[in-house]
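Morning, everyone. Please take a moment to look at the sequence and the model before I start.

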Amino acid sequence: VNDAPALALADISVAMGEGAALAMETSDVTLMDSNLNKLLFIIQMGRRVTRTIIENVMFSLVTKAIVMGFAFAGRAGLWAAIATDVGSMLVVTLNGMKLLPSSRKVRRNELRPRTGQDIRDSRRSSTSNYPSQPLLEVSNNGSTDTIDDIFVEEDRPC
């Protein structure tokens with residue numbers, strides 16, 4: 001089945017990465033795998049980005065208007081305007097950094113330490129400097145994942 005004409009007529013089209021190459025080129029958004037949770041993440045991230053941009057623009061305009069008001073009243077000079085501009089730039093930059101992904105993907109999960117016996121057993125069975133079993137496990141809605149499965153690969157020591 002050729003989905004490309006339907007995708008071309010749609011207002012917003014989404015193609016899966018395992019589909020036809022023409023459908024992937026025609027679509028507005030292409031998911032590289034069949035995980036539809038990524039589409040939800042994209043929508044939520046877009047809303048967060050839009051909200052952050054509005055916050056940053058409004059904060060910058062309000063601070064400039066306040067300094068301009070003080071300047072017209074004769075209460076602020078050039079150095080106050082420069083300091084306010086640099087300060088608002090730093091605040092806007094830090095506010096935008098909240099959109100960066102976290103290096104730890106453990107959020108809203110319940111961390112529970114393993115028992116001392118489990119830690120001793122994992123250290124005895126290990127031949128390297130690191131325990132063969134993780135020291136911490138994550139309980140997420142009844143299923144248990146280890147911290148090693150959840151951390152990003154770049155965060156592990158080499």
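How many residues does helix H3 have, and how far does helix H3 reach from its first C-alpha to its last? Helix H3 covers residues 37-72 and has 36 residues. Its reach is 52 Å, close to the 52 Å expected at 1.5 Å a residue. That expected span is 1.5 Å times one less than the number of residues.

Some ground rules. This is a predicted model, where local features need pLDDT of at least 70, side-chain atom pairs count only at pLDDT 80 or more, and totals for chains, interfaces and linings use all residues. Residues are numbered from 1 along each chain as its sequence is written, and side-chain values use heavy atoms, with hydrogens and water left out.

Now the whole chain. The protein chain has six helices and five strands. Helices (H or I, at least four residues) and strands (E, at least two) are DSSP runs, numbered from the N terminus. Along the sequence the pattern reads α-β-α-β-α-α-β-α-β-β-α. Of the 158 residues, 15% count as buried. Buried means under 20% relative accessible area, exposed over 50%, and partly exposed in between, with a 1.4 Å probe and protein chains only.

Back to H3. Which residues of H3 are buried? They are Thr-52, Asn-56, Ser-60, Thr-63 and Val-67. The buried residues of H3 pack against helix H4, residues 78-96. Think about the spacing: an α-helix has 3.6 residues a turn, so residues three or four places apart point the same way.

Next, the surface. Ile-53, Ile-54, Val-57, Met-58, Leu-61, Val-62, Ile-66 and Phe-70 form a nonpolar patch there. Together they have about 750 Å² of accessible area, by the Shrake-Rupley method with a 1.4 Å probe, where for residues only the protein chains shown count as cover. Patch residues have over 30% relative accessible area and no salt bridge, with like charges joined within 9 Å and nonpolar side chains (Val, Leu, Ile, Met, Phe, Trp, Tyr) within 5 Å. A salt bridge puts a side-chain nitrogen of Lys or Arg within 4 Å of a carboxyl oxygen of Asp or Glu. Ile-54 has its place in helix H3. Just after H3, Gly-74 takes a positive phi of about 85°.

What does the record say? An unreviewed UniProt entry annotates "transmembrane region" over residues 53-72 and 78-100. UniProt positions use the numbering here, feature names are shortened, and annotations may be inferred rather than shown by experiment. In the model, residues 53-72 are 100% helix and 0% strand. Residues 78-100 are 83% helix and 0% strand.

Technical notes. Contact means heavy atoms within 4.5 Å.
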